[in-house]
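This briefing covers selected features of the structure shown below.

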Amino acid sequence: NITNSFAPDYYRDNITTNNHTTQEELWTEYETQSNVYNWTVRACDQWNCSSYTGLWNFSIDDYLSVILVNNSVSFIDLNLGDTNDTTDDDPLPFRFRNDGIIRANLTNITTTTLWQSVGLNTPYYRFAAANASGETGSFDWVNSLTSWTNVPATYLSNVIASLNYSDAIDEAEIDIAIEVPGAETPGTKTSTMTFTWEAAEQ
């Protein structure tokens with residue numbers, strides 16, 4: 001018998017093995033707002049059951065781990081006025097996988113300037129949250145920035161909202177779109193993006 005003042009309770013009987021793993025997913029300490037799970041057991045035979053044991057408790061530590069499956073985007077051979085983006089996977093977009101046990105929010109992107117002739121927060125350098133191939137439904141589409149958005153010079157929120165951690169749907173992408181400004185000088189251009197992930201609320 002497992003109870004929690006915030007999460008669903010569980011009761012199991014007819015357990016005949018020394019070890020038992022519940023099929024339901026228990027919540028982490030963050031998701032239960034620091035409320036512990038209380039549990040008791042009793043033994044039964046074909047005639048009677050014992051009294052329940054004393055009350056024990058446990059909690060499940062939060063584990064947030066989002067990794068970059070693809071950590072770089074490289075556009076090549078562009079001239080003044082040319083445009084390109086990663087929606088066709090050429091080049092590949094940034095791709096993330098949630099290896100933790102809680103949902104995650106991409107809460108911020110900080111970026112260094114890509115172009116010499118124009119700054120950030122212009123249509124020459126944009127991004128959008130996107131589904132990863134084969135993983136549609138992995139995050140909260142409505143509350144994420146899924147439309148093309150100028151890469152900002154200031155704080156963003158909920159770039160990707162509530163990225164799932166279940167293996168079948170635990171990946172998402174950030175597409176990048178660029179346009180070479182008409183006054184840009186020739187040469188290699190680079191920009192560094194830093195992605196900040198935080199635990200999503202249950």
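At 21% relative accessibility, K189 counts as partly exposed, because buried means under 20% relative accessible area, exposed means over 50%, and partly exposed lies in between (1.4 Å probe, protein chains only). The model is predicted: local features need pLDDT of at least 70, side-chain atom pairs count only at pLDDT 80 or more, and totals for chains, interfaces and linings use all residues. Residues are numbered from 1 along each chain as its sequence is written, and side-chain values use heavy atoms, with hydrogens and water left out.

**Salt bridges**

- The structure holds 4 salt bridges, a salt bridge being a side-chain nitrogen of Lys or Arg within 4 Å of a carboxyl oxygen of Asp or Glu.
- K189 is bridged to E184, with the closest N and O atoms 3.0 Å apart.
- E184, at 6% relative accessibility, counts as buried.
- R95 pairs with E171, and here the closest N and O atoms are 2.4 Å apart.
- Relative accessibility is 18% for R95, which counts as buried; E171 is buried at 10%, and E173 is buried at 8%.

- An open sheet is formed by 3 strands in the order 1-2-3, with antiparallel pairing; two strands pair if DSSP finds at least two bridges between them.
- Strand 1 (2–3) and strand 3 (56–58) are at the edges with a single partner strand each, so one side of each has no neighbour in the sheet.
- Strand 1 is joined to strand 2 (residues 37–39) by 2 bridges, and the two run antiparallel.
- T3 has N38 in strand 2 as its bridge partner.

**Aromatic rings**

- A search of the whole structure finds 6 aromatic pairs. Rings of Phe, Tyr and Trp (its six-membered ring) pair if their centres lie within 6.5 Å; planes under 30 degrees apart count as stacked, over 60 as edge-to-face and the rest as tilted.
- The Y37 and F58 rings have centres 5.3 Å apart and planes at 15°, so this pair is stacked.
- The pair links distant parts of the chain: Y37 is in strand 2 and F58 in strand 3, 21 residues apart.
- Y37 is buried at 1% relative accessibility, whereas F58 is partly exposed at 25%.
- F94, F96, F195 and W197 are linked into a cluster by ring pairs.

**Surroundings of N105**

- N105 is found in strand 7 (residues 104–111) and is buried, with a relative accessible area of 14%.
- The N105 side chain reaches the backbone nitrogen of S162 at 2.6 Å.
- Leaving aside neighbours within four places in sequence, N105 is in contact (heavy atoms within 4.5 Å) with residues including N158, I160, S162, T196, W197 and E198.

Methods: Helices (H or I, at least four residues) and strands (E, at least two) are DSSP runs, numbered from the N terminus. A polar contact is a pair of N or O atoms within 3.5 Å; within protein, one must be able to donate a hydrogen and the other to accept it, and residues adjacent in sequence count only if both atoms are side-chain atoms.
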